[in-house]
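Have the model open while you read, and take the points in order.

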Amino acid sequence: MTTPTEVGPRPTRSERLDRLPFNAQHRRLLVGSGIGWALDAMDVGLISFVMAALAKQWLISPTELSWVASIGFVGMAIGASLGGLLADRIGRRNVFALTLLVYGLATGAAGLSTGLAMLIGLRFVVGLGLGAELPVASTLVSEYAPARIRGRVVVILEAFWAVGWILAALVGYFVVPASDDGWRWALFIGIVPALYALYVRARLPESVRFLEGRGRTAEAEQAVRTFEAPSGVAAVESPEAPPAPRPRWSDLWSDGLRTRTAALWAAWFGINFSYYGAFIWIPSLLVSQGFSLTRSFGFTLIITLAQLPGYGVAAFLIEAWGRRATLATFLVGSAVSAYAFGQAGSEGAIIAAGCALSFFNLGAWGALYAVTPEVYPTFLRGTGSGSAAAFGRIASILAPLSVPWLLDLGGSGLVFTVFGVAFALAAVASLALPEWRGRSLA
């Protein structure tokens with residue numbers, strides 16, 4: 001065991017966590033949270049393939065299909081706001097487990113849908129759980145990650161989204177077209193998160209910063225020592241942390257935070273609008289262009305694979321360049337790729353532009369999730385992250401609904417030009433965010 005050799009102020013528990021090397025406990029937290037994240041992505045991704053199948057099986061119009069996509073984001077907007085607030089009140093881990101349970105059960109039930117109304121209702125409930133889970137998971141991981149690699153760790157967490165979306169693409173390719181009930185079996189697979197919630201509740205740690213703010217110092221100390229032990233670091237006595245004030249939504253707009261909040265919300269809005277507008281509709285748009293269901297799903301699977309290298313490059317650059325530069329660069333790349341996809345006419349051009357869109361867009365998502373928890377102090381971190389995600393979900397509601405209208409107005413070229421503009425505006429907003437590379441969380 002190593003022992004502290006320096007004489008000086010006693011380090012706080014947060015400082016003790018920040019100084020640790022990345023060890024087995026960090027890996028367990030990252031993978032445990034990441035699996036939940038991947039299951040989340042799989043659920044969101046599955047609906048795009050289900051939509052394409054139902055358009056043929058139930059003869060659903062594009063407008064009705066857009067509601068199948070958008071209603072989940074209505075639930076996500078409400079869930080993100082409530083989940084973030086609850087995370088600051090009852091803890092990150094509890095909310096994480098609860099949301100996995102809610103959306104897992106609702107997704108499985110959606111496979112039993114007998115009509116459009118039932119499917120839409122259950123997709124709303126699914127959205128409640130999904131919306132609350134994402135900002136809470138990134139907040140929990142961010143609060144445990146060592147300061148010098150915190151951004152990279154959160155981007156790696158976000159990379160599990162690509163794993164989940166690839167799983168959705170595989171299910172979409174092999175299961176959905178296999179029979180008339182293929183879409184039902186795809187949704188039944190979505191019940192897995194409900195089972196995983198039991199593991200999350202039992203094995204993942206609660207946030208040290210949250211425990212301290214609630215006066216649960218013994219639990220906070222035990223959590224820190226659990227993370228110190230694999231690195232052979234001897235425990236030291238930390239000063240008592242002051243109790244945390246109760247979070248209020250109005251605090252997000254207080255002096256010193258309002259510019260950050262406005263910039264963060266604008267970035268979330270732009271990236272949500274373009275990402276969900278594009279990727280929810282790509283399989284259906286390819287089918288409408290004359291490609292078979294299986295072939296369009298195959299194109300989507302190839303395009304989805306490009307998400308992984310996008311995350312990998314962002315994970316490296318976010319600590320080398322910093323948060324703002326990485327986020328802005330990937331958003332600009334997303335804007336150019338979206339425009340190129342809208343102009344693509346051949347199969348090769350569709351795949352190339354789609355892969356570029358996947359690469360840059362998902363790298364931008366990784367950077368955005370890394371910077372979001374860093375914007376706010378601990379007592380407000382869950383509320384702030386959840387509120388930004390909730391505002392972004394408004395865009396994800398509007399985007400799928402706008403696609404049929406934009407298609408009628410100017411075809412897929414106009415659709416993806418609009419998405420490109422939204423990415424560009426998000427890039428501009430990201431430049432107003434604070435740079436927190438290598439610094440301890442507030």
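1. Start with the loop between α2 and α3 (62-90), where you'll find L59. This is a predicted model, so take the backbone angle here as the model's version: L59 has a positive phi of about 55 degrees, and yet it is not a glycine. Is L59 buried or exposed? Its relative accessibility is 70%, so L59 counts as exposed.

2. Now go inside. The largest nonpolar core has 138 residues, and the members that touch the most others are W161, Y276, W365, L368 and F416. In soluble globular proteins, nonpolar side chains tend to be buried together. Click on Y276 and look past its neighbours within four places in sequence: Y276 is in contact with V44, F73, M76, W161, W281, W365, R393 and S396. W161 and W365 turn up both among those contacts and among the core members that touch the most others.

3. Next, the aromatic rings. How many aromatic pairs does the count come to? The answer is 24. Take W37 and Y369 as the worked case: their ring centres are 4.9 Å apart and their planes meet at 75 degrees, so the pair is edge-to-face, the cut-off being over 60 degrees. This pair links distant parts of the chain, with W37 in helix α2 and Y369 in helix α15, 332 residues apart. W37 and Y369 are both buried. They also belong to a cluster joined by ring pairs, whose other members are W161, W165, W268, Y275, Y276, F279 and W365.

4. While you're on helix α15 (residues 347-371), have a look at S358. With a relative accessibility of 0%, S358 counts as buried, because the limit is under 20%. Neighbours within four places aside, the residues in contact with S358 are F279, I303, T304, A306 and Q307. F279 is also a member of the ring cluster from the previous point.

5. On to charges, where the count comes to 17 salt bridges. One of them joins R16 and E221, with the closest N and O atoms 3.0 Å apart. It ties together distant parts of the chain: R16 sits in helix α1 (residues 13-19) and E221 in helix α10 (residues 217-228), 205 residues apart. Both R16 and E221 are buried. The two are also part of a network of salt bridges, along with R13, E212, R225 and E228.

6. E219 pairs with R216, the closest N and O atoms being 2.9 Å apart. E219 is partly exposed, because its relative accessibility is 40%, and R216 is partly exposed at 32%. R323 and E319 meet in a salt bridge of 3.1 Å, N to O. Here R323 is buried at 1% relative accessibility, and E319 is buried at 13%.

7. A nonpolar patch is formed by L98, L101, V102, L105, V125, I189, I191 and V192, with about 560 Å² of accessible area together. Which helix gives the most to this patch? Helix α4 (residues 92-110) does, with four residues. L105 lies in that helix, α4, and is partly exposed, its relative accessible area being 47%.

8. Helix α7 (residues 182-189) is worth a stop as well. Its buried residues are G182, W183, R184, A186 and L187. Among the elements covering them are α2 (24-57), α4, α5 (116-144) and α6 (150-174).

9. Last, go to helix α16 (residues 378-430) and find A429. A429 counts as buried, with a relative accessibility of 13%. Leaving out neighbours within four places in sequence, A429 is in contact with A263, A266 and A267.

How values were computed: Residues are numbered from 1 along each chain as its sequence is written. This is a predicted model: local features need pLDDT of at least 70, side-chain atom pairs count only at pLDDT 80 or more; totals for chains, interfaces and linings use all residues. Side-chain values use heavy atoms; hydrogens and water are left out. A nonpolar core is a set of buried Ala, Val, Leu, Ile, Met, Phe, Trp, Tyr and Cys residues joined through side-chain atoms within 4.5 Å. Buried means under 20% relative accessible area, exposed over 50%, partly exposed in between (1.4 Å probe, protein chains only). Contact means heavy atoms within 4.5 Å. Helices (H or I, at least four residues) and strands (E, at least two) are DSSP runs, numbered from the N terminus. Patches are made of residues with over 30% relative accessible area and no salt bridge: like charges are joined within 9 Å, nonpolar side chains (Val, Leu, Ile, Met, Phe, Trp, Tyr) within 5 Å. Accessible areas come from the Shrake-Rupley method with a 1.4 Å probe; for residues, only the protein chains shown count as cover. A salt bridge is a side-chain nitrogen of Lys or Arg within 4 Å of a carboxyl oxygen of Asp or Glu. Rings of Phe, Tyr and Trp (its six-membered ring) pair if their centres lie within 6.5 Å; planes under 30 degrees apart count as stacked, over 60 as edge-to-face and the rest as tilted.
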